[in-house]
Amino acid sequence: MKPKSRIQQAGANAGVGRPQKRRRRLALLPHSIIACGVDGWSAVLVAFCLFAASGAMAQTELDVNQSIQVMGQVKPIPVSMSGFSGEVAQVLQFDLYVQGFTFTGPDAAQFLITGSNNGNVTGRVTDPHNNSTLLSKSYTGAALRRQAHALADDIVGAISGKKGIAQTKIACKVQNGQNSEIYIADFDGHNAQMVTKDNSLVVAPCWVPGRLALYYTSYRLNHPDIFFHDLSTGARRVFARYGGSNLSPAVSPGGGEVAMILSKDGWTDLYVCRSDGTDLRRLTKSPQDESSPCWSPDGKWICYAAKDKERRSLCKISPSGGTPQRIATSGTPSPTEPDWSPDGKWIAFTAQYRDFQICVVPASGGTPTLLVEGEDPSWAPNSRTLIFTRRQGGGTILSLLDAPTKQVKDVSRISGSSNSQPSWAK
């Protein structure tokens, strides 16, 4: 099937161009949030149920043959795991696999993971080569699934010294027929909760760093408007409703500014304003469209997909204005949907070859590396795992890629016929 244009379509029946997305995120969410509807909705408790047990998660593995030497390709860390059963074993295997571990017998393992899950979870990590214990801990007071995620994060920390991602959150678009809504969920797709109930086209969720809040574009008022949604209270308001389209909100790392794509002046250009909606500034002025803004983690640059003479490229510009600078992606066709890694080193993006491909390039530009077939990449807080959209049958699903090891797992389907446009909370 011929790929869709990257001036994306929201849906064959929507009759409007799909908003070019962009995200930004949030630190970990608390155990529950209250989200209430607007404009006639009654307040409803959206129990995040982070500790709720769920069914076995998707374990589909993909064959990823491309090299990622640009990021320092590494072999998975071989570990042996014993003593766990059922859902806890499945959660640990999933969480560790997408963070660069592989499972083998005790004789071939670099580390031994042992424990139990009889009512509560206990875990122990030892290094058999020097007879040392790296971790020994028990977990109580939560559902087994949540305890298993906590253990997985502690295992990652004990072995690698890095913070794990098993207890992080994502937001995404869920398609049902002609309509779509925004959902939030655990990073593996479990414990999903609907955020919007607009019965229209709602797209491009973007976390606000450090707050229980999202920006997104909704067609609820029969126009592509950007909404701000406070998840802790359920209140939301229209943030941008200028003439033309209001698309792709992207919040600065400090949360004080919002970049977006507007066509209020006739051209589709990049704008930025303060988080209260004041001080709107136009950063680009091009007869062709810009799309998909994202921020550098230091807040000094906004990266976006530019278009010149029907050719797309990645550019960056200061939020205070100035001349755009091109980011080299040598030989890559139609780069779009950039996302800057939290450590500032990489930019992941979508390229259109015969199929859409997830690529990564140094933030300063260079020769990109193809990672896997897919689109809509979003970095995890660890700057090594990506969540992305993968086409399957007549719809789309979300998948996770551990970039250095090239290990991939499918996320549990959240709802609807298609899950897409993921945004990872940070």
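1. A residue is called buried when its relative accessible area is under 20%, exposed when that area is over 50%, and partly exposed in between. The model discussed in this note is a predicted one. Glu-87 has a relative accessible area of 18% and is therefore buried. Arg-145 has a relative accessibility of 1%, so Arg-145 counts as buried too.

2. These two residues form a salt bridge with each other, and the closest N and O atoms of Glu-87 and Arg-145 are 2.8 Å apart. In the whole model the count comes to 19 salt bridges.

3. The two helices that carry this pair also pack against each other. Two packed helices are described by the angle between their axes and by the distance between those axes. For H1 and H2 the angle is about 35 degrees, and the axes lie 9 Å apart. The crossing of H1 and H2 is right-handed.

4. Which residues of H1 meet H2? On the H1 side they are Glu-87, Val-88, Val-91, Leu-92, Asp-95 and Leu-96. Their counterparts in H2 are Leu-144, Arg-145, Ala-148, His-149, Leu-151, Ala-152, Ile-155 and Val-156. Sorted by class, this contact has ten nonpolar residues, one polar residue and three charged residues. Glu-87 and Arg-145, the salt-bridge partners, are both among the residues of the contact.

5. The next point concerns a sheet. Strands of a sheet pair through backbone hydrogen bonds, either parallel or antiparallel. Here five strands form an open sheet in the order E4-E3-E5-E6-E7, with mixed pairing. Strand E4 (101-103) and strand E7 (132-139) are the edge strands, and each of them pairs on one side only. On average, neighbouring strands of this sheet are turned by 25 degrees against each other, direction ignored.

6. Strand E6 (residues 121-127) and E7 run antiparallel and are joined by seven bridges. Within this region, Thr-126 stands opposite Thr-133 in E7.

7. Helix H2 (residues 144-160) lies across E3, E4, E5, E6 and E7, and runs at about 160 degrees to E7.

8. The side chains of Arg-391 and Glu-375 meet in one of them, at 3.2 Å from N to O. This pair links distant parts of the chain: Arg-391 is in strand E28 (residues 385-392) and Glu-375 in strand E27 (residues 375-379), 16 residues apart. Arg-391 is partly exposed, with a relative accessible area of 34%, whereas Glu-375 is buried at 3%.

9. Asp-265 forms a salt bridge with Lys-264, and the closest N and O atoms are 3.5 Å apart. Asp-265 has a relative accessible area of 43% and is partly exposed. Lys-264 is likewise partly exposed, with a value of 32%.

Key:
Residues numbered from 1 in each chain as written. Predicted model: local features only at pLDDT ≥ 70, side-chain atom pairs only at ≥ 80, totals over all residues. Heavy atoms only, no water. Pairing = 2+ DSSP bridges. Helix = DSSP H or I, 4+ residues; strand = E, 2+ residues; numbered from the N terminus. Axes fitted to C-alpha atoms, helices over the stretch in contact; angles between N-to-C directions. Contact = heavy atoms within 4.5 Å. Salt bridge = Lys/Arg side-chain N within 4 Å of Asp/Glu carboxyl O. Buried < 20%, exposed > 50% of the residue type's maximum accessible area, 1.4 Å probe, protein only. Left-handed = near helix turned anticlockwise from the far one by under 90°. Nonpolar A, V, L, I, M, F, W, Y, C, P; charged D, E, K, R; others polar.
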